[in-house]
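Please have the model open in your viewer, with selection by chain and residue number ready to hand. The stops below go from a whole chain to single residues and then to an interface.

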Amino acid sequence: MSLRNFKIWRGDADGGEFKDYAVECGEGMVVLDAIHRVQTEHAGGLAVRWNCKAGKCGSCGMEIDGKPKLACMTRMSDYDPEATVKIQPMKTFPIVRDLVADVSWNYEQNKRIPPFQPTETSKGEGLVMHQEDVDRVQEFRKCIECFLCQDVCHVLRDHEKEEDFVGPRLMIRLAGLEMHPADTVDRIPIIRKDFGSGLCNITRCCTDVCPEHIGITDNAIIPLKERVVDRYYDPIAWVLGKVFRRRKKKIVKALEV
Amino acid sequence: MGLNLSSDIQRIRHDVVVIGAGGAGLRAAISSSERGLNTGVVCKSLLGKAHTVMAEGGCAAALGNTDPRDNWKVHFRDTMRGGKFLNQWQMAELHAKHAPDEVRLLEKWGAVFDRTKDGLIGQRNFGGHRYPRLAHVGDRTGLEMIRTLQDHLIHQKVQVHMECTALRIVKEKGKLAGVLAYWRETGRFVLFECNAVILATGGGGKAWRITSNSWEYTGDGLELAYEAGAELLNMEFTQFHPTGMVWPPSVRGILVTEGVRGDGGILLNSEGERFMFNYIPERFASETADTEEEAERWLDGDKEARRPPELLTRDVVARAITKEVQEGRGSPHGGVFLDIASRRPAEVIRKKLPSMYHQFKELAEVDITAEPMEVGPTLHYFMGGIRVDSTTQMTGVPGLFACGECSGGMHGANRLGGNSLSDLLVFGMLAGEGAADYLDGLEGVPEASAETLDGAIREATAPLNREDGPNPYLVHEDLQAIMNDGVNIVRDKEGLEKSIQAIEDLKLQVALVKAHGSSQYNPGWHEAISLVPLLVTAESVARSALVREESRGAHTRADFPGEQEDWQTRLVVISKSEDGSMAVRQESTQEPPSELSKIAHSSLEDLEGGVK
């Protein structure tokens, strides 16, 4: 056990400041453990969101020494024992209180996405899909909705273009539907127009912070961008498409919230 | 706190309110909204964060995709045997019959399960299941299920009230009038006016120190139902999952999926002995491999070979590990070794058990593809819970329903792995239907009286308004120590009586706790409020455990070893007596339907014909 120092942001939508705390930390402790010690010993009202404490629910996203991380999967041993660890809420979202951010915008965006519509199966039968055809969709479905990718996305964080771009989390949700072998809906027009695939400038910051190590940029966003480009900006494909395309999937509009 | 009193309280009207947004709650809400009912979901966390995301191994359903010999009858038989025949027979029947359709329904809503070679939903082996039966997605099946239900639900006529905690089922003149709750963000109170409530709040594992459960598991639904006049059933049966992490201390208790053993992992003691061969109960002897050689053949897919003993039911494995540790053959940190590294290529382990790989790598600095894990029992699941009607899921209180882990009866004395995810789908669906049927033709909600609401609000805000008092976090730690000491995996009269007394003493502390700060997003205050359901939960488990003088399934009494014939037909039932104290009574079970009894006691050969 050794005494470790923290600066934790305390406050609400009206403002706040960093406060200093010191608690004993033992072997194997993660940042969330330290926050709980602070709660128990010094600040019972310190607001923090968490659930599973095993990196599976994505509740405890915050910025630790400036990096978006899950507090439950960030070990104290990653930091210099003499240094003060600085903890603050995710910056991109409005503050509720202390370390808790208002992430409701993400839930609203999800509602705009037209849901999965499978091919018909006869009663009592499941879908027939092969493992190699669902592998990439399963990668996107590993997402635990911690919203760290949304937090770090320049388009949302620095340019505040949340009217135009749904962010990496929702792009992988769209990719998971678009690449689902049994889905019957064509979302390419709305991925371009309503969800703003063109705004991502591929800095890969989202991929870097993903605790599930999902290839957000390379496996989801870039392929979606390519599909949009093929559809709208490749003149030969565009002409051929006009003349020959047999629409297998039905085009849908983004849903109103 | 004048602002919060009932005169200007926020009111929201629904036909049905579901409390809890894990798999059971979401499935119930979908089912209720499909019947055209205005449905609200009240949940303590954000949508999609409930404990279902922690379920790893899979969802049991006799699809027969991986082994065509499987059918609902074999699943039913396995469930009854696993539950030591204390299950509610009809629940186990409905569960086994409906589970396959529910899994296929999830697939139509977008779930992407791992596949067989033929492109069907693949199924994996698990403890107590005769055939590979668990539909799964690597080791993150719960996440797949909750996300699928969530993404389907947001397009139904369901309103989700997130970060909102239910405090009281409001009844007026014996009739259900609604649910009183508070918003965690603002501390404001809200009355959900409705005619039917479905409880889907999960268990109460947070009463123990070593548990796989998250903070939400404080037994809220158990207490809400108990206070409203419903009964609690089988509370002594608390499942200790055999494999939780044991090191480092801050992660002690976190679940290590049974899928590790399903995929070939073996348990070893400090002498390197594969000790589970020494613990095969007579009931399972004919279906369990008795040599390592046979267990290896089974793993290689030999259908004539019997299952390895690591895949015995959870109660058996958890007790075996406890015994090995007690007798000095444990691992350095008080567990045993779980080895998959020497059994499967690293690549396969990373593919089939990705989140286990990361969990150990990041939290314990253990590479499970190269070295064994250290594991030990962790409080995981409540078989017992709110007593419900087997087909409608209604409790003894008209209009109050329960499903998923907070309800009792389906799993008897021990739950099979994988039967929880299927339970929450099947009984979530049935509870939604049950509530809809109940509401057909029912008119008018009684007005919640100001007196009832004010009383409940005063009680809830008392920890904030007090000058001073015990720290709620420390009181919670005291309770966890009591439960881990006296109401653990192996119990006896003396320890249980001592625990009950300690819980009684702790009630006095809970009545005095002080939460500092305001009511806005104040975890100290939330903690103070959750102590009340935690104590009801702890007390009901301890009292039931004291009454059941035998060892059966997950309930082990050092002073009463072995199953006792006369306890085979007895249930322990908890209710609130008129003087406010907790009443415990014994009740005889009903005769099982003869057809079901015949199936449960059939030989496998008789059932393998695929009688669907």
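Begin with the loop between β13 (238–245) and α6 (259–262) of chain B, where P248(B) lies; helices here are DSSP runs of H or I with at least four residues, strands are runs of E with at least two, and both are numbered from the N terminus. Select W247(B) together with P248(B), and you will find that the peptide bond joining them is cis, with an omega of about -5°.

Before going further, note that this is a predicted model, in which local features need pLDDT of at least 70 and side-chain atom pairs count only at pLDDT 80 or more, whereas totals for chains, interfaces and linings use all residues. Residues are numbered from 1 along each chain as its sequence is written, while chains are lettered from A and ligands numbered from 1 in the order in which they are written.

Among the contacts in chain A with a separation of 6 or more, 66% are between residues 24 or more positions apart, where a contact requires C-beta atoms, placed from the backbone, to lie within 7 Å.

Within chain A, move to the loop between β6 (95–97) and β7 (100–101) and select D98(A). Although D98(A) is not a glycine, its phi is positive, at about 50°, and D98(A) counts as buried because it has 27 C-beta neighbours inside 10 Å.

A further stop is F147(A), in the loop between α3 (131–140) and α4 (148–152) of chain A. Here too a residue other than glycine has a positive phi, near 65°, and F147(A) is buried, with 25 other C-beta atoms within 10 Å.

Finally, display both chains and select the interface, where 44 residues of chain A are in contact with 50 residues of chain B. On the side of chain A that touches chain B, α1 (31–41), β6, α2 (104–112) and α3 each supply at least two residues, and the largest share, 4 residues, comes from α3(A). Colouring this side by residue class would give 21 nonpolar, 14 polar and 9 charged residues, with Ala, Val, Leu, Ile, Met, Phe, Trp, Tyr, Cys and Pro counted as nonpolar, Asp, Glu, Lys and Arg as charged, and the others, Gly among them, as polar.

Note on methods: Contact = placed C-beta atoms within 7 Å. Buried ≥ 20, exposed ≤ 12 C-beta atoms within 10 Å, placed from the backbone.
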